[in-house]
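Hi everyone, thanks for coming. Let me take you on a short walk through one protein model, with a few charged residues as our stops.

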Amino acid sequence: MRNLLITIDGPAGAGKSTVSRLLAERLGYRYVDTGALYRGVAVAADRHGVDPADDAALGRLLSGLELRFRPQAGGQRLLDGELDITEAIRTPAISMLASTVSARPVVRAFLLEIQRGLGREKAAVFEGRDMGTVVFPEADVKFFLSASEPARARRRFEELRAKTGSACLAEVERDM
């Protein structure tokens, strides 16, 4: 069987992560959570006090950033150099900051190269926004997942409640 490059795209809460992980596991492929990379940039910006609207400062930050995934049983870890930032990328504050930095062209260009480098060997499932259109327009297989807004908000609410022990559905709906 030839190695495929598979992309799964869609809005927040549509089930991209769940489906991507299951598909990668079933095929014996690498799972790449591209949203984690944007969150990694947000963690670095926060840690170094970089204004997410300052492209020059972001560019300097990115030039020293060494984001990489380390596979482990049951998932993967995100590292910045040797610093494990896996837990830090999932806080609500970093989620909001990641939305801001992901809109910056300097960040998108930087992560585009990282993502394409990760896809060169194929045998991977890439999950995230713009995967099948911008990052890998020539992907072998492309999926776009969607769900109703209430279903997406409920999924995200359940995810946050499981991680933090508390969450407010109305707040999640407003944030989404």
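Predicted model: local features only at pLDDT ≥ 70, side-chain atom pairs only at ≥ 80, totals over all residues.

Residues are numbered from 1 along each chain as its sequence is written, and side-chain values use heavy atoms, with hydrogens and water left out.

The score pLDDT is the predictor's confidence in each residue, from 0 to 100. Here the protein averages 90, and 99% of the residues score at least 70. Confidence is highest in strand E1 (residues 5–9), at a mean of 97, and lowest in helix H8 (residues 169–175), at 73. Helices (H or I, at least four residues) and strands (E, at least two) are DSSP runs, numbered from the N terminus.

Now, how many salt bridges does a search of the whole structure find? There are 11. A salt bridge is a side-chain nitrogen of Lys or Arg within 4 Å of a carboxyl oxygen of Asp or Glu.

Asp 84 and Arg 77 make one of them, at 2.9 Å from N to O. Arg 77 counts as buried because its relative accessibility is 17%, while Asp 84, at 32%, is partly exposed.

Another bridge joins Lys 122 to Asp 140, at 3.0 Å. This pair links distant parts of the chain, with the two residues 18 apart and each sitting in a loop. Compare Arg 154 and Glu 158, 3.6 Å apart at their closest N and O atoms: both lie in helix H7, 4 residues apart, about one turn of the helix.

A polar atom of the Asp 9 side chain does lie 3.0 Å from the backbone nitrogen of Asp 130.

Last, the leucines. Leu 79 is in strand E4 (residues 75–80) and is buried because its relative accessibility is 1%. Leu 160 lies in helix H7 (residues 149–164) and, at 24%, is partly exposed.

Methods
Buried < 20%, exposed > 50% of the residue type's maximum accessible area, 1.4 Å probe, protein only. Polar contact = N/O pair within 3.5 Å; in protein donor to acceptor, adjacent residues only side chain to side chain.
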